[in-house]
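User: Got a model here I'd like to go through. Can you take my questions as they come?

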Amino acid sequence: MALRSRPPAHIGLVFDWHAQKRRQTVVHLDRPFDIAPEAGTRFDAETLAGLVTEVSDWLYEAGLRFNERVVIVKENHWDMVIIAAAAARIGALPFVMAPIRSVETIRTMIERAAADVVVAGAGVLDRARAAGVEIVEPGVPIIALGEPETGLPPDALRLDTLRGGARAPVRVRSDDAPMIVTHTSGTTGVPKLVMHSAYTALGALPYRMESTRLPLLTSGREDIVASAISFAHMRGLSWTRSQFSLAPRRVVVMSDPSLGSVERVLAAQRPTSLEALPNVFQLWEQLVDTRPELFARVRRFISTFDALHPRTVRRFLAASGTRFPVWVWGLWQSEVAGISANVFTRRTVRGVGTGREGATNVGWPTLARVRVVDAETGKDCPRGKSGILMVKSKTRCLAYVGEDDRHEAKVDGAWWNTGDVGQRLGFGRVRLVDREVDMVPGMSCITLESTLLDRLDRAAEVVVLSMPEGPPVPVLCMRDNTLDPAEWERATRGLPDLAEPLLVPWEDLPRTATWKVRRVELREMLFGEKRGIGTGQWT
């Protein structure tokens, strides 16, 4: 039987499909997998498929069966996708969770998941023991990856005890049945558990487009594709499927986005396509200053997950030594996948950052239908007026696990309330203004942040916090943690009224697993006040 040209939508079958292709890709890791620490850092297609089969076998040996639930919570790495594929391959439902800082939050999410088996990284188990938190109820098996410094929990299972058991049966569920549960970023509290089927997660149009060869926009056969994302989120699955389909020369997985690790990997691999989280790119601006040659071969930069600042785009495109580098940006949500997309070049971002309509967080809703509606009346807003972004998409999630009421509150017939504030602009474009919970009437915090980053060259991060009373408060992360008053006066000239800036070291900002700033937590940390101006009704 001929191999189908497109990869299957079900993650449990994607690795086997890739291993059977005539043209495959080779994967290089920045560090060994936690599930295979002795296997090295280079994997071909057959070895990866074999690893998925092996993981299926030890999950089965641990007691996981068809239609049961497994939670995967461990340090960031691509093997989170491999474990999820192995569980889905035997018909179980994987819940993939990032190693969130709060172990109490992890405990709450595992309770909502009603897990039958938990796969936990050593770091997560150490933090739970230090906090005195039992992340699972008695009787739920824990498979420990690595050796926690504080010792294994009672009755925890080691991988060595699970190997060599019976071969797990392959029993993949249908494409419209639940296949995967990931979670939202959790900028305002406990992340929501987002359930998707194979179709809504990988089979619908946005994913098919990403697996299609598009000049400049997708991987070619000679590309070296590097990615530094949170592999616990839905993007990890879609990225995996698309790269297996396009089969670039090699794929480079960067689980650790810290400057030292990234500098080492980029010096050795020199990618032609580079994807990272927007705030990770901001951190890497320091490497653009000190090691611009690391980015000289990159002709395609990619970012999703969050808004994007023009200064970051300009610096990386300028560092590229290629003739026509592009930056591909997409506005996505875990619940509905792709919403809008845009492509930036050196010319289109030249001088951008201070204009109302010039900010780079403007895109075209090519992947879904988008409306901008009045929050109170639900009627469509005229062009240029801010309202709530509503999305109609075939990739909409099936449910929030354990929180049906929150899911239903965001559904209006076929439309999904994103909780984002936006505007309609000319030629069908959509402008992202703010998250509703972070909004300030009459202005855009995102635009203010972009402007201040442009004017403060030494700023590594700028966060503008809405306050229930008084002007917004700018929080600055300066590279040397200093700010000259004259420098601040020049930076704010012509801008709306702002409170006096607060300096906070980069490492002290509370962040999500996707590196978004947890603004509610930051507001509480600085002022003892959680409330902003937005209602937070659709978070």
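User: Which residue in E24 is the bridge partner of Leu465?
Analyst: Val473 is the bridge partner of Leu465 in E24. Before going on: this is a predicted model, where local features need pLDDT of at least 70, side-chain atom pairs count only at pLDDT 80 or more, and totals for chains, interfaces and linings use all residues. Residues are numbered from 1 along each chain as its sequence is written, and side-chain values use heavy atoms, with hydrogens and water left out.

User: In what sense do E23 and E24 pair, and over how many bridges?
Analyst: Antiparallel, over six bridges. Strands (E, at least two residues) and helices (H or I, at least four) are DSSP runs numbered from the N terminus, and two strands pair if DSSP finds at least two bridges between them.

User: What is the strand order in that sheet?
Analyst: The order is E23-E24-E25, an open sheet of three strands with mixed pairing. E23 and E25 (502–503) stand at the edges with a single partner strand each, so one side of each has no neighbour in the sheet.

User: Is E23 buried or exposed?
Analyst: Seven of the seven residues of E23 (459–465) are buried, so the strand is largely enclosed by the rest of the structure. Buried means under 20% relative accessible area, exposed over 50%, partly exposed in between (1.4 Å probe, protein chains only).

User: Switching to H9. Which residues are buried there?
Analyst: In H9 (residues 259–269), Ser261, Val262, Val265, Leu266 and Gln269 are buried. Down the axis of H9 they fall within an arc of 120 degrees, so they line one face of the helix; the arc is taken from the directions from the helix axis to the C-beta atoms. Gly260 and Ala268, on the other side of H9, are exposed.

User: What do the buried ones pack against?
Analyst: The partners include strands E1 (26–29) and E10 (224–228), and helix H10 (278–290). Contact means heavy atoms within 4.5 Å.

User: And what follows H9?
Analyst: Arg270, with a positive phi near 50 degrees.
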